[in-house]
Amino acid sequence: MNEAAGAGPWLAGGLALALAAVHLFAGRLRFLSVTPRSVWLSMSGGASVAYVFVHLLPELAAAQESLERSDLAFLGPSAEIYLVALAGLAIFYGLERAAETSRRERRDQGEEDAASPGVFWLHTVSFALYNLLIGYLLLHREDPGLRSLLLFALAMGLHFLVNDYGLRHHHRRLYDRVGRWVLAVAVLLGWAVGLRLEIRELHVALLFAFLAGGVVLNVLKEELPAERESRFWAFAVGAGGYAVLLLI
C-alpha cells in the first residue's frame with residue numbers, strides 16, 4: 001500500500017535522509033570502535049532482530065497464507081516466503097565469508113588487513129541493493145501508517161549502525177572514501193523509486209522476507225565472533241526493549 005495514503009511520502013523521504021546520514025556520520029562515533037564490543041552496537045543489533053521476530057515474521061506468516069491462495073504460489077504450502085528469507089540469510093552469509101577469506105589471504109601476504117577491491121565492490125553493490133530495498137519499503141510496507149513507518153525507520157537506522165561498523169571493519173579506508181557514500185545514495189534512490197513504482201502487496205511481502213533474512217544474518221555475524229567480546233546483556237536489553245515497544 002502506498003505510504004501516500006498513510007503518513008505521507010515526504011516524511012518517508014526525511015527518514016530516508018536520516019538513514020543515509022547514519023552511513024555518512026557513523027564513522028565519527030569513535031566510542032563504537034572498542035573491544036569489548038560497544039554496548040550501543042549490541043543494543044542496536046538486539047533491537048533490529050526484535051523487529052524481525054516480533055513484527056516482521058507474524059506479518060510474513062499472514063502474507064504466506066495470502067500467497068498460497070494467489071496465482072503466485074508455486075512451491076506448495078508455507079514455502080515461498082520462508083525460502084526467500086533463507087535466501088537473504090544465505091546470500092549475506094556468503095558475502096561475509098568472501099570478505100573474511102579475502103582479508104585472511106591479504107594478511108598472509110603481508111598486505112593491509114582489508115578485503116580486496118574486488119570483494120569491496122561485491123560487498124558495496126550488494127549492500128547498495130539492500131539499502132535500495134529498505135528505501136523503497138519506507139513507502140510501501142505490509143502495515144501502512146505513521147507508527148509502522150517510524151518503527152521500521154528506527155529499526156533500520158539501528159541496523160545501519162551495525163552494518164556500517166561491520167563494513168568499515170572489512171574495508172577500512174576504501175569504505176570511508178567510497179562505500180559509505182554509495183550506500184547513503186542507495187537509500188535515497190530506493191525512496192525515489194518508491195515514489196514512481198508500486199508493486200503488488202504479495203511482492204512487497206517477498207521483499208520483506210528477503211530483508212528479514214538479511215537482518216538476522218548481518219546482526220548475528222557481528223555479535224557471535226569470540227574476538228568481538230560482545231555483551232549479551234546489552235543485546236538482550238536492546239531486543240527486549242524494542243520488543244516491548246512493538247507490543248505496546
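Hi everyone. Before we start, one definition: when I say two residues touch, or are in contact, I mean that they have heavy atoms within 4.5 Å. Please also keep in mind that what you see is a predicted model.

Let's begin with the overall picture. The chain has seven helices and zero strands, so if you read along the sequence you get α-α-α-α-α-α-α. Of the 248 residues, 50% are buried. Now look at the contacts with a separation of 6 or more: 82% of them are between residues 24 or more positions apart.

Now let me take you to Arg-103, which you will find in helix α3, residues 80–108. Is Arg-103 buried or exposed? Its relative accessibility is 4%, and because buried means under 20%, Arg-103 counts as buried. Leaving out residues up to four places away in sequence, Arg-103 touches Asp-113, Ala-114, Ala-115, His-169, His-170 and Arg-172.

That brings us to charges. Side chains of opposite charge can pair when their charged atoms come close. How many salt bridges does a search of the whole structure find? The search finds nine. One of them joins Lys-221 to Glu-96, with the closest N and O atoms 3.3 Å apart.

Glu-222 is buried, as is Lys-221. Elsewhere, salt bridges that share partners join our friend Arg-103 with Arg-107, Asp-113 and Arg-172 into one network.

Another salt bridge to look at is Arg-168 with Asp-176, where the closest N and O atoms are 2.8 Å apart. Here Arg-168 is buried, at 16% relative accessible area, whereas Asp-176 is partly exposed, at 30%.

Trp-121, Val-125, Leu-129 and Val-182 make a nonpolar patch of about 360 Å². Which helix gives the most to this patch? That is helix α4, residues 117–137, with three residues. Trp-121 has its place in helix α4, and with a relative accessible area of 42% it is partly exposed.

Key. Residues are numbered from 1 along each chain as its sequence is written. This is a predicted model: local features need pLDDT of at least 70, side-chain atom pairs count only at pLDDT 80 or more; totals for chains, interfaces and linings use all residues. Side-chain values use heavy atoms; hydrogens and water are left out. Helices (H or I, at least four residues) and strands (E, at least two) are DSSP runs, numbered from the N terminus. Buried means under 20% relative accessible area, exposed over 50%, partly exposed in between (1.4 Å probe, protein chains only). Patches are made of residues with over 30% relative accessible area and no salt bridge: like charges are joined within 9 Å, nonpolar side chains (Val, Leu, Ile, Met, Phe, Trp, Tyr) within 5 Å. Accessible areas come from the Shrake-Rupley method with a 1.4 Å probe; for residues, only the protein chains shown count as cover. A salt bridge is a side-chain nitrogen of Lys or Arg within 4 Å of a carboxyl oxygen of Asp or Glu.
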